[in-house]
Amino acid sequence: MLKGLGGLGDMAGMMKKAQEMQGKMAQLQEDMASLMVEGSSGAGLVKATCTAKGELKTLDIDPSIFNGDDKEVVEDLILAAIKDAQTKASERAQQEMAKLTEGLGLPADMKLPF
């Protein structure tokens, strides 16, 4: 159909792929809001759950760690669990993005969105 237009045929194909990628990116962003990951610390005494976007959703603390003398330890465990969950969320987001770029024939290590 566009054979006589030289490189414009390739441009039309690229535009179509760009539109597909835009739609898939929007869907991925929506999906990452519902993908949950859990981080923990203190051998599971503190657990934090967040979305693949890194939004903290729940925090579960085993009551056995509450002792007035251990305030700093409890705070450290809470922070560690949240950081663990956020790290896992970031890793999960990168995995999902790699699946998207692979399906479009883009390099797996390509950082999206730009």
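## Quick briefing: burial, salt bridges and a charged patch

Of the 114 residues in this chain, 25% are buried. Keep in mind that this is a predicted model. The fold runs α-β-β-β-α from the N terminus, giving two helices and three strands.

**Overall picture**
- Looking at contacts between residues at least 6 apart in sequence, 47% of them join residues at least 24 apart.

**Salt bridges in helix 2**
- There are five salt bridges in the structure, and one of them pairs Lys-88 with Asp-84 at 3.5 Å, N to O.
- Those two sit four residues apart in helix 2, about one turn of the helix; Lys-88 is partly exposed at 33% relative accessibility, and Asp-84 is partly exposed at 22%.
- Further along, Arg-92, Glu-96 and Lys-99 link up in a salt-bridge network.
- Within it, Arg-92 meets Glu-96 at 3.2 Å, N to O, while the closest N and O atoms of Glu-96 and Lys-99 are 3.3 Å apart.
- Glu-96 and Lys-99 are about one helical turn apart because they are three residues apart in helix 2.

**Negative patch**
- Asp-69, Asp-70, Glu-72 and Asp-76 come together on the surface as a patch of negative charge.
- Asp-70 belongs to the loop between strand 3 (56–61) and helix 2 (71–103), and is partly exposed, with a relative accessible area of 31%.

Definitions and conventions
Residues numbered from 1 in each chain as written. Predicted model: local features only at pLDDT ≥ 70, side-chain atom pairs only at ≥ 80, totals over all residues. Heavy atoms only, no water. Patch = residues over 30% accessible without salt bridge, like charges linked within 9 Å, V, L, I, M, F, W, Y side chains within 5 Å. Areas by Shrake-Rupley, 256 points an atom, 1.4 Å probe, with all protein chains shown as cover. Salt bridge = Lys/Arg side-chain N within 4 Å of Asp/Glu carboxyl O. Lys, Arg positive; Asp, Glu negative; His and termini not counted. Charge placed at Lys NZ, Arg CZ, Asp CG, Glu CD. Buried < 20%, exposed > 50% of the residue type's maximum accessible area, 1.4 Å probe, protein only. Contact = heavy atoms within 4.5 Å.
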